[in-house]
Structures are given as C-alpha cells and as structure tokens.
Amino acid sequence: MRTPTFKPYDPDQLSLLPPSLDELIPQNHVVRVVRSVIDQLNIDDILRKYKGGGASSYHPKLMLKILVYGYLSNTYSSRKMEQAVQSNIHYMWLAGMETPDHNTINRFRTEKLKGVLKEVFGQVVTLMVNQGLVNIKTIYVDGTKLEANANKYTFVWGKSIKRYKDGIKTQLEGLWKYAESIAKEELMDNDPTIYPELDAAQVSKTIASINEAIKDKPIDKKIKQKLNYAKRNWPKKMAKYNEQEKILGKRNSYSKTDPDATFMRMKDDHMGNGQLKAAYNWQISTSDQYIVNYDIYHNPTDTLTLPQHLKQYKDLYGQSPQVAVADAGYGSEENYEYMESEGIEAYVKYNYFHKEQKAKGKIKPKEAFRPQHLYYNKEGDYFVCPMGQKMTKQYETNAKTKSGFQQKQSVYEAKNCTNCPLRGVCHKSKTNRKIQFNWNLKRHKDKAKEKLLSEQGVAHRSQRPADVEAVFGNIKQNKKFTRFNLRGKDNVLIEAGLIALAHNLAKMARN
Ligand code: SF4
C-alpha cells in the first residue's frame with residue numbers, strides 16, 4: 001500500500017512579514033470597485049450631519065463602504081456586518097481593520113444617511129454615465145410591492161375606524177334624543193347631530209350635558225349604565241380613532257408595527273394564494289439594467305407614482321429623461337400630460353392596448369356598443385348609436401382623480417331610446433343612453449399607440465421586461481431581498497437606496 005502524501009500544513013507557522021490584506025484580495029474583486037467608487041464621492045451632505053466635538057467617530061466613507069458591501073453581498077443585518085468586519089477579509093480591508101459595532105452601523109444607516117443617500121446615489125450614476133457605462137436618456141420604469149418589516153396581524157383598516165366612529169355618533173345621538181324627550185329645557189347646546197365630525201372633547205361635553213340635564217329625572221337603569229360606560233370609554237376611543245385616521249391619511253389601511261406600511265395584495269405565492277401583507281410600493285427606473293432612480297410609496301397602485309418619480313429624476317440629474325417606457329399600469333391621463341409637458345417621449349401602454357392588438361380590428365358583438373366603437377362625426381361633434389340615432393353633446397363634466405388631477409369628460413345623449421329593440425344589450429338606464437368621453441385621454445392614447453407600434457416602440461416594448469423587470473428579479477431571487485429590514489418610510493427608502501447602489505456597483509464590476 002502506498003503512503004498518502006499531504007501538502008505541508010502548520011497553522012502555527014510564522015511569516016517573516018505579516019501578510020497584507022490587499023494581497024489577499026483579487027485585483028478584479030467587486031470589493032475593490034466599492035472602495036474605489038465611494039472614495040471618489042463627495043460626501044459633504046453626510047459630513048454636515050456630524051455635530052463635531054465629543055468622542056471620535058468612524059469615518060463616514062468607511063461606514064458607507066461597509067453598508068454598501070453588506071447589501072452587495074446579501075448581508076442586510078447590522079449584527080452580521082459587525083461580525084463580518086471582525087472576520088471577513090473583504091470587510092476588514094474596506095474598514096481598514098476598524099471594527100464598528102452593530103449599533104454604530106445601524107445608527108449611521110438610519111441617522112446619517114437619512115435624506116442624503118439619494119444625492120450620493122445620483123453621484124454614482126453620474127460617474128457611470130461619465131464612464132460611458134449607462135445612458136440615462138432612456139429609462140424603463142416599473143414597481144414592485146415589497147413586504148414591510150411588520151406583523152401581518154397588526155392591521156388598522158380605515159373602513160373599520162369609520163364604522164366604529166359612526167357607531168359612537170349614532171349611540172350618542174340616541175342618548176341625546178332620549179334626554180330631549182325627558183328634559184328638553186335643561187339641555188345645553190351640545191347636540192351631537194349638528195357635528196359632521198365628532199372629536200373626543202365634543203363627545204365628553206355632550207355626555208356631560210346629558211348627565212346634567214337628566215340628573216334629577218327618573219331614568220331607566222340601562223340608560224344610566226350606558227351613560228356611565230360612554231363617559232368612561234367613548235372620549236378615549238374617539239381620540240384613538242381620530243389619531244388613527246391621521247396616520248392613515250389617504251390610505252385604506254396601515255400596520256401597527258410599521259405605521260408607514262400599507263396592506264397590499266401581493267402576487268400569488270407558489271400555492272396560488274394572493275396574500276394581503278403590510279408592504280411598500282418600490283418604484284425604480286433602469287437603463288441598461290442599471291438603477292437610475294428609486295423611490296418608495298404608500299399607495300399600492302403604480303398609476304399615481306409616475307409624476308413624482310419623474311420629478312425626482314429631474315431633481316437628481318437636472319433634466320427629465322428623453323424617453324420613458326412603462327407598462328399599462330402607468331397609462332393614465334395625468335401621467336401622459338406630465339410627460340408631454342416635460343417633453344418626454346412616452347412609450348407607455350394604456351389598458352386595453354394588448355386587447356386591441358390581439359383583436360386586430362375585429363370587434364366582438366357585445367363590445368360594439370362601447371363608446372370607443374361608435375361612429376363619431378367630428379364636424380357635427382356627435383356619435384351615432386347602433387340604431388343610427390345621433391347622440392349629441394349635452395354638457396361637460398369636471399372630475400378629480402384620487403391624486404387631485406382634473407379630468408374633463410364630454411357627455412353625449414341619444415334622443416330617444418324608448419321601444420328600441422337593442423335597448424337590453426345597449427344600456428341598463430331607464431332614461432335615454434348617455435355616454436361620457438374623455439377626448440384628451442383619447443388623444444394621448446392615440447399618440448401612445450402610434451409610438452408603441454413603431455419600430456422603436458416594438459424595440460422598447462421587448463427591452464422593458466429585460467431591463468427593469470430583470471433588475472427586480474435579480475434583487476428578489478439572487479440577492480434574496482424579499483422584505484425590508486427596517487421600519488418607517490424614511491428607513492425603507494435608505495434600504496432601497498443601499499440595494500440600488502449595491503446592484504449598480506456589482507454590475508459595474510462585472511462590466
Ligand atoms: S338603446 Fe338608444 S342608444 Fe342604444 S341602440 Fe337603441 S336607440 Fe341607440
């Protein structure tokens with residue numbers, strides 16, 4: 001039998017010269033890109049956050065490098081970063097052998113980067129533009145709902161709060177009426193029926209007025225008990241509900257563990273169950289799969305986020321993009337208007353765009369009655385219904401969208417629908433058929449359609465999923481970033497920024 005041979009192994013072997021960490025890191029390792037890029041940044045905004053005096057602090061560039069490298073290497077917890085700066089040569093090299101603890105790392109992340117990370121991110125993108133790595137003139141926009149760091153059983157629903165408040169108001173009105181029936185003269189002017197919105201003070205005052213008015217009257221025992229209960233609980237409850245409504249703002253729900261997170265229906269899980277979870281709507285713009293802008297929103301729908309997202313882009317780079325490409329979730333009149341006013345070429349689908357393409361001009365019988373399929377006479381400004389009746393313009397309406405955008409609709413009405421044999425399939429109203437038409441939206445949709453069907457449009461449509469959706473796929477699948485670790489919108493925005501920086505630097509290193 002032959003004797004096995006082993007390579008020399010002596011863990012206690014001393015080196016004549018201590019090894020340098022730099023020698024141990026390959027020249028093309030991504031950690032070198034992180035260090036080199038962050039070393040080039042102007043961090044004056046972060047420096048201004050240090051008051052000066054007191055104990056010395058770790059250098060902000062050191063801290064930023066640790067955090068960006070952490071998010072790049074799928075290490076999102078400050079405790080794990082603390083361990084890494086003591087044991088991982090990449091972190092040790094970045095930190096120059098300094099060893100900040102998890103509290104220091106986390107404080108830097110949430111306090112020193114708050115409100116300034118976006119500017120740092122913009123510098124990195126500009127650096128990449130200058131190096132010819134990315135062109136920020138054409139952007140692909142998309143959003144995803146990412147779970148918040150919140151318990152899923154801690155919801156507060158706007159509808160429930162309204163119901164509870166209405167319950168208190170109705171019961172209070174009942175008690176008032178009862179008091180009026182036995183002591184009308186004694187009642188002071190705190191009639192709850194005159195308040196459209198009740199607050200805690202009004203509830204207290206009204207209960208006190210009722211108690212005062214009926215104190216010497218013989219009253220039902222149950223009413224007395226109810227008044228005692230109301231005095232003890234209702235003002236407190238009303239104050240709580242009003243406070244909750246303030247937190248809700250325009251949202252329908254929020255989570256008690258992270259009040260900035262809203263309950264959103266997430267994509268189906270592998271069992272096909274759509275889940276309602278506390279989450280944030282994370283919007284990004286990409287170009288050549290680099291993230292060039294990011295933001296966090298409370299509302300789950302993408303439609304309402306685009307103007308704000310594009311305004312931020314303009315703040316960051318001093319100009320709007322030349323071309324914006326997005327899917328049908330963004331095709332609203334407000335969004336088209338904003339892009340037109342900014343001179344942005346919009347390759348943005350609208351709902352029904354795909355349906356229209358599939359139908360190839362054929363109209364299904366049940367769709368023939370839809371306003372967009374009726375004949376329209378431009379000179380006379382009237383539609384012609386399937387029975388050949390003129391539908392003339394009656395008036396215009398102005399409606400406000402959820403975001404406050406004014407929409408103008410023209411209303412057209414048929415002359416006489418009585419006894420029409422098509423009435424059952426045409427419309428359900430008891431009067432003559434009325435249709436509303438938004439001409440400005442129609443103009444935008446026609447413009448978008450022409451662009452989307454052009455050669456350039458087809459190229460943008462096929463590039464969009466490969467550009468922006470692939471980035472979300474990479475972050476969720478490869479980087480395993482499927483839930484925010486921090487709570488509160490400001491902190492979540494910082495995490496989105498760190499992930500965006502990490503994603504860009506990793507891609508830069510690969511290129
Ligand atoms: S119901 Fe009125 S609008 Fe509809 S087809 Fe008949 S006449 Fe025309």
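**Briefing: domains, cores and helix packing**

The centres of domain 1 and domain 3, taken over C-alpha atoms, are separated by 56 Å. This is a predicted model, in which local features need pLDDT of at least 70, side-chain atom pairs count only at pLDDT 80 or more, and totals for chains, interfaces and linings use all residues. Residues are numbered from 1 along each chain as its sequence is written.

**Domains**

- The assignment gives domain 1 (21–113), domain 2 (135–154 + 256–385 + 438–501) and domain 3 (157–254). The bounds come from an automatic or database domain assignment.

**Nonpolar cores**

- The largest nonpolar core has 87 residues. Such a core is a set of buried Ala, Val, Leu, Ile, Met, Phe, Trp, Tyr and Cys residues joined through C-beta atoms within 7 Å.
- A residue is buried if 20 or more other C-beta atoms lie within 10 Å of its own, exposed if 12 or fewer, and partly exposed in between, with C-beta atoms placed from the backbone.
- Val34, Ile66, Val68, Tyr280, Ala324, Ala502 and Leu505 have the most contacts inside the largest core.
- Helix H18 (residues 489–510) supplies the largest share of this core, 12 residues. Helices (H or I, at least four residues) and strands (E, at least two) are DSSP runs, numbered from the N terminus.
- Domain 1 (21–113) and domain 2 (135–154 + 256–385 + 438–501) each give this core at least three residues.
- Leaving out residues up to four places away in sequence, Val68 touches Val34, Ile38, Leu498, Leu501, Ala502 and Leu505. Contact here means C-beta atoms, placed from the backbone, within 7 Å.
- A second, separate core has 13 residues, including Trp176, Ile207, Trp234 and Met238.

**Helix packing**

- Helix H2 (residues 30–39) packs on helix H4 (residues 60–72) at an angle of about 140°, with the axes 10 Å apart. Axes are lines fitted to C-alpha atoms, for helices over the stretch in contact, and angles run from 0 to 180 degrees between N-to-C directions.
- On the H2 side the contact is made by Val30, Val31, Val34, Arg35, Ile38 and Asp39, and on the H4 side by Lys61, Leu64, Lys65, Val68, Tyr69 and Leu72.
- The H2–H4 contact residues divide into eight nonpolar, no polar and four charged. Ala, Val, Leu, Ile, Met, Phe, Trp, Tyr, Cys and Pro count as nonpolar, Asp, Glu, Lys and Arg as charged, and the others, Gly among them, as polar.
- The axes of H9 and helix H11 (residues 221–248) cross at roughly 150° and come within 10 Å.
- Residues of the H9–H11 contact include Ile161 and Leu175 of H9, and Trp234 and Met238 of H11. They divide into 12 nonpolar, two polar and four charged.

**Single residues**

- Ile136 lies in the loop between helix H8 (117–130) and strand S1 (138–147), and counts as buried because it has 22 C-beta neighbours inside 10 Å.
- Not counting residues up to four places away in sequence, Ile136 touches Val125, Val129, Ser287, Val292, Tyr317 and Pro321.
- Lys159 is in helix H9 (residues 158–183); with 9 C-beta neighbours inside 10 Å, Lys159 counts as exposed.
- Asn74, in the loop between H4 and helix H5 (78–87), has a positive phi near 60° although not a glycine. Asn74 is exposed, with 12 other C-beta atoms within 10 Å.
- Asp381, in the loop between strand S9 (375–377) and strand S10 (382–384), has a positive phi near 50°, again in a residue other than glycine.

Note on methods
Two residues are in contact if their C-beta atoms, placed from the backbone, lie within 7 Å.
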